[in-house]
Amino acid sequence: MTTSEYDVIVIGAGPVGENVADRLVQGGLTAAIVERELVGGECSYWACMPTKALLRSAAALRAARQLPGAREAVTGELDVAAVLSRRDSFASNWKDDGQVSWLESAGIGLFRGHGRISGERTVEVTGADGTATTLTARHAVVVATGSSALVPDITGLRDARPWTSREAASAKHVPARLVIIGGGVVGTEMATAFTALGSSVTLLARDGVLPQAEPFVGERVIASLQAADVSVRVGAEATEVRRNADGTVRVTLAEGGQVEADEVLVAIGRTPNSRDIGLDTVGLEPGAWLAVDEALRVVGAGDWLYAAGDVNRRVLLTHQGKYQARNLGDAIVARAKGEPVDTGAWGRHAVTADERAVPQVVFTDPEVASVGLTAAAAGAAGLRTRVVDYDLGWVAGSSLHAEGYQGAARMVVDEDRRVIVGFTLVGPDVAELVHAATIAIVGEVPLDRLWHAVPSFPTVSEVWLRLLETYGR
């Protein structure tokens with residue numbers, strides 16, 4: 001057994017772990033990362049990047065077909081093999097050489113193997129060959145192990161070898177028939193992708209389609225999926241899944257009836273990667289989400305253990321995890337140097353945006369872009385609000401963007417402060433519009449000042465002016 005010492009040990013080399021370590025090293029500390037799989041994590045190989053690559057080619061084709069002149073130039077269908085090949089390139093063909101090179105150039109130590117907390121500020125790493133290395137941290141240990149797809153206790157499901165988000169993102173073939181259990185982000189995005197690639201898709205959405213979004217979002221996404229021949233079954237619950245002798249899958253529904261498919265994708269949620277990382281050695285429950293305080297310290301584990309990203313369950317989005325990571329890394333550096341740490345609202349080391357201004361894009365057709373609170377969430381928080389809606393298709397820039405453009409915009413205004421606390425867009429190519437709303441919410445820009453932020457004409461961003469006009473001065 002060998003022993004090494006660093007200022008900080010980070011368990012998990014996904015985007016969150018990488019960003020924590022990078023900020024630490026830039027701040028003058030030494031850092032090492034422990035990783036049992038590929039450096040770069042879920043987002044790089046089985047989520048954000050490859051899934052968006054699967055979706056992009058079909059989106060570009062749809063956009064061309066919505067424009068006279070362009071649609072006449074489109075003479076063929078998607079080249080599925082080319083789409084999958086491009087997806088493979090964005091997943092670096094599931095090799096992490098580039099990410100490892102970056103770690104080396106950044107001065108971050110890498111230990112490959114399974115990391116397990118073995119005591120205060122101590123992590124034991126077991127390599128694939130059984131070699132054990134003990135790492136000790138002078139200041140802190142950061143858990144950034146992320147999450148995995150949740151496979152529920154549905155009769156026969158595990159034995160049926162279901163796809164999860166990983167298998168869907170890395171699929172080498174397009175099944176003729178695909179049944180998806182779950183109507184959330186992964187379920188709807190993969191329904192969009194595989195339908196465009198040629199699958200006959202059935203979406204079982206027990207709790208609705210995108211149920212956490214504004215109600216009109218789910219309605220529009222359902223209508224679009226159905227127009228693309230997806231069978232959307234809202235309220236349908238799978239009670240049993242069986243893999244037949246011929247390799248096909250049979251899903252039995254609670255309301256009666258069955259769905260036959262070639263593959264079944266489970267997309268109902270996530271579970272923390274914390275089962276075997278030594279939580280029991282610090283009095284915590286293995287396999288549990290790690291509760292953290294405002295400084296991202298793990299509650300009940302002393303002042304040396306932190307958790308960032310999915311595993312702390314604050315926000316299960318890569319960009320928010322990276323946001324946590326940057327601020328946490330800077331905070332650990334400040335503590336190590338005896339400098340003040342500011343975790344007050346919107347402070348340098350705070351993660352206030354996790355609660356007030358989380359942006360998210362769902363790359364369905366139409367796209368969904370949102371930030372902050374929905375109208376329902378704002379009401380539940382006790383805010384006195386006014387909800388302002390506008391038809392995105394009425395904006396001049398929208399009609400130029402695509403023939404028959406259909407979309408919707410909503411802003412939720414805190415009437416007591418006259419600032420925006422929530423913003424939602426649904427429509428073709430709205431993803432790039434959401435950051436303006438994020439800035440408005442984070443900056444708490446008064447509506448009176450927003451009148452002076454003049455949108456360029458003719459762009460889709462003119463919806464900002466139309467919303468303000470609808471609100472009134």
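The second largest pocket of this predicted model holds about 320 Å³ of space. A pocket here is an open set of points on a 1 Å grid over the protein atoms alone, with protein on both sides within 12 Å along at least five of seven lines, and lining residues have an atom within 4 Å of a point. Its volume is the space filled by probe spheres set on the points, which are joined across faces, edges and corners. The lining is made up of 14 residues, and those closest to the centre of the pocket are R62, T195, A196, A228 and D365.

Helices (H or I, at least four residues) and strands (E, at least two) are DSSP runs, numbered from the N terminus.

From its first C-alpha to its last, α8 reaches 19 Å with its 13 residues, close to the 18 Å expected at 1.5 Å a residue, the expected span being 1.5 Å times one less than the number of residues. Its buried residues are F216, V217, G218, V221, I222, S224 and L225; buried means under 20% relative accessible area, exposed over 50%, and partly exposed in between, with a 1.4 Å probe and protein chains only. Among the elements that cover these buried residues are α7, β9 (200-205) and β18 (367-372).

After α8 comes D229, which lies in the loop between α8 and β10 and has a phi near 75°, a positive value in a residue other than glycine. D229 is exposed, with a relative accessible area of 67%. L296 also has a positive phi, near 70°, but L296 counts as buried at 2% relative accessibility. Most residues other than glycine have a negative phi, and most peptide bonds are trans. Against that background, the bond that joins D365 and P366 is cis, with omega about 5°, and P366 is found in the loop between β17 (359-362) and β18.

Side chains of opposite charge can pair when their charged atoms come close. The structure holds 31 salt bridges, each a side-chain nitrogen of Lys or Arg within 4 Å of a carboxyl oxygen of Asp or Glu. One of them joins R138 and D7, at 3.0 Å from N to O, and links distant parts of the chain, since R138 is in strand β6 (residues 132-143) and D7 in strand β1 (residues 2-11), 131 residues apart. R138 is partly exposed at 41% relative accessible area, whereas D7 counts as buried at 9%. In the salt bridge between D88 and R87, at 2.7 Å, D88 counts as buried at 14% relative accessibility and R87 is buried at 1%.

Some notes on reading the values remain. Residues are numbered from 1 along each chain as its sequence is written, and side-chain values use heavy atoms, with hydrogens and water left out. In this predicted model, local features need pLDDT of at least 70 and side-chain atom pairs count only at pLDDT 80 or more, while totals for chains, interfaces and linings use all residues.

Key. 1 Å grid on protein atoms, 1.4 Å probe; cavity = no way out; pocket = protein on both sides within 12 Å on 5 of 7 lines; lining within 4 Å. Contact = heavy atoms within 4.5 Å.
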